Structure formats: structure tokens, C-alpha cells
Amino acid sequence: LITTQEEADQYKAMGQGNAKIGRLKYVDTNKDGVIDGDDRVILGSYIPKVTAGLTLGASWKGFDFNTVFTGVFGRTQHSPMSYQNRFPNRNISRKWYDNRWTLGSDPEGKYPLMIQSESYEEMTDLMAMNTSYVKMKSITIGYTHNFKDWKARIFLSGENLFAITSDEFDGFDPENGTSVGHYTNWGDDFPTPRIFMIGVNLTL
């Protein structure tokens with residue numbers, strides 16, 4: 001982040017028109033002394049390099065067990081919350097709030113300051129997240145007992161019990177990719193429900 005007026009003047013002279021204290025420093029990637037469109041780089045792809053699934057099942061003396069895991073690896077997506085987090089009158093993530101730049105902050109914050117009603121940043125690597133994950137989609141444990149003319153099975157199951165994500169991910173659920181390139185969007189920014197069920201199957 002830009003922390004002094006001297007830095008702000010330096011970056012503005014290099015072509016970063018929005019350079020102010022508390023805002024991001026753009027990288028002169030091609031080392032030509034000018035910050036412009038030629039400094040853009042590819043940050044990643046929302047198409048995962050690997051998509052995987054794993055199903056495990058077992059049975060023993062009337063007991064049965066089944067679980068399903070899914071995952072994607074090597075995926076980068078735009079984080080809409082990186083836009084939301086800049087405005088003090090909107091819902092923002094705790095990580096962004098606790099680490100935002102404030103006047104006199106020591107050490108300086110990781111994220112830029114909040115400014116009301118002003119969109120001031122270009123797309124940067126701060127707005128791109130590693131949305132790779134491994135998720136337990138479901139698990140079921142049951143027991144079947146055979147009676148003389150019928151049998152009964154009691155079971156306990158759960159869905160969406162947990163997900164393992166990267167440290168940088170701060171959304172609700174990386175599986176909620178409801179639009180291209182986004183892991184979530186403005187209208188669907190809700191956590192995936194965790195579901196538990198208890199049931200009985202009767203077979204005559």
C-alpha cells in the first residue's frame with residue numbers, strides 16, 4: 001500500500017492516476033517506468049486444472065457406511081467481496097476489516113482504506129483468490145436389522161459438513177460458482193446449508 005505522500009506522488013507520476021495514501025501500489029511489471037495497460041498479467045484461470053471425486057463405502061454385520069468427497073484444484077477466481085469490502089456502508093469480511101489501512105496504522109494494513117461511494121481500483125491480484133477446495137458432500141451411517149418377515153434400517157446422514165480451502169479464501173463456500181469467474185455473486189452470497197437427517201427404512 002501507499003503509505004506516504006512521496007510514494008503517492010511517485011506512482012502518480014508513473015501513470016497511476018488514483019495514487020493516494022492508503023491505496024494500492026500497482027507493479028511496473030515490464031520495468032519501463034510507466035504504469036499502463038502493458039503491465040497487465042494473467043493471474044490464473046477459473047477453469048480448474050484438476051476436478052476430482054472420491055466415494056468410499058463399506059458394510060459389516062448389518063452396519064453400512066458411505067461418504068462422498070469432491071474437489072477442484074488449481075483454480076483462481078475473482079472475489080466480488082474485494083469490491084464490497086471497500087465501502088464502509090456494506091457488509092464486509094472480518095479479515096478485510098481487521099487488516100484495512102487506517103490513518104496512523106502500525107504496521108500498515110494489508111488491504112486499502114475504505115472510501116464511501118468511490119470505485120477506485122483496477123483488477124489486481126488482491127481481488128483474485130485461490131478457490132481450490134476439498135469438500136465432504138455427504139456421509140451416511142446406517143444399521144439394518146432383519147426380523148422374521150421384514151427388516152428395518154436406521155440411518156444418520158449429513159451433507160456439506162465441511163470444506164478444506166486455501167488460507168486466502170474468505171467466502172462462504174468456494175463451490176458456489178454461480179457466474180463465470182466468480183465464486184459467488186451479489187445476489188447469491190449465502191452459505192451452503194449444512195443438512196443432517198435421521199431416518200428409518202422399513203422393508204416388508
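**A look at the largest pocket**

A: Let's start with the lining: 21 residues line the largest pocket, and Y26, V27, E122, M123 and T124 are the ones nearest its centre. A pocket here is found on a 1 Å grid over the protein atoms alone, as an open set of points where a 1.4 Å probe fits, with protein on both sides within 12 Å along at least five of seven lines; lining residues have an atom within 4 Å of a point. Bear in mind that this is a predicted model, where local features need pLDDT of at least 70 and side-chain atom pairs count only at pLDDT 80 or more, while totals for chains, interfaces and linings use all residues. Numbering runs from 1 along each chain as its sequence is written, and side-chain values use heavy atoms, with hydrogens and water left out.

The space in the pocket comes to about 640 Å³, a volume filled by probe spheres set on grid points that are joined across faces, edges and corners. Its lining splits into eight nonpolar, seven polar and six charged residues.

Now zoom in on T124. It sits in the loop between α3 (94-98) and β4 (128-130); helices (H or I, at least four residues) and strands (E, at least two) are DSSP runs, numbered from the N terminus. T124 counts as buried because its relative accessible area is 11%, and the cut-offs are under 20% for buried, over 50% for exposed and partly exposed in between (1.4 Å probe, protein chains only). Beyond its neighbours within four places in sequence, T124 contacts L24, Y26 and L43, where contact means heavy atoms within 4.5 Å.

On to the strands. β1 (50-60) and β2 (63-73) pair antiparallel over eleven bridges, pairing being called when DSSP finds at least two bridges between two strands. K61 is exposed, since its relative accessibility is 66%. On the whole, most residues other than glycine have a negative phi. β2 also runs antiparallel to β5 (residues 133-146), joined by ten bridges, and D64 has G142 in β5 as its bridge partner.

Definitions and conventions: Ala, Val, Leu, Ile, Met, Phe, Trp, Tyr, Cys and Pro count as nonpolar, Asp, Glu, Lys and Arg as charged, and the others, Gly among them, as polar.
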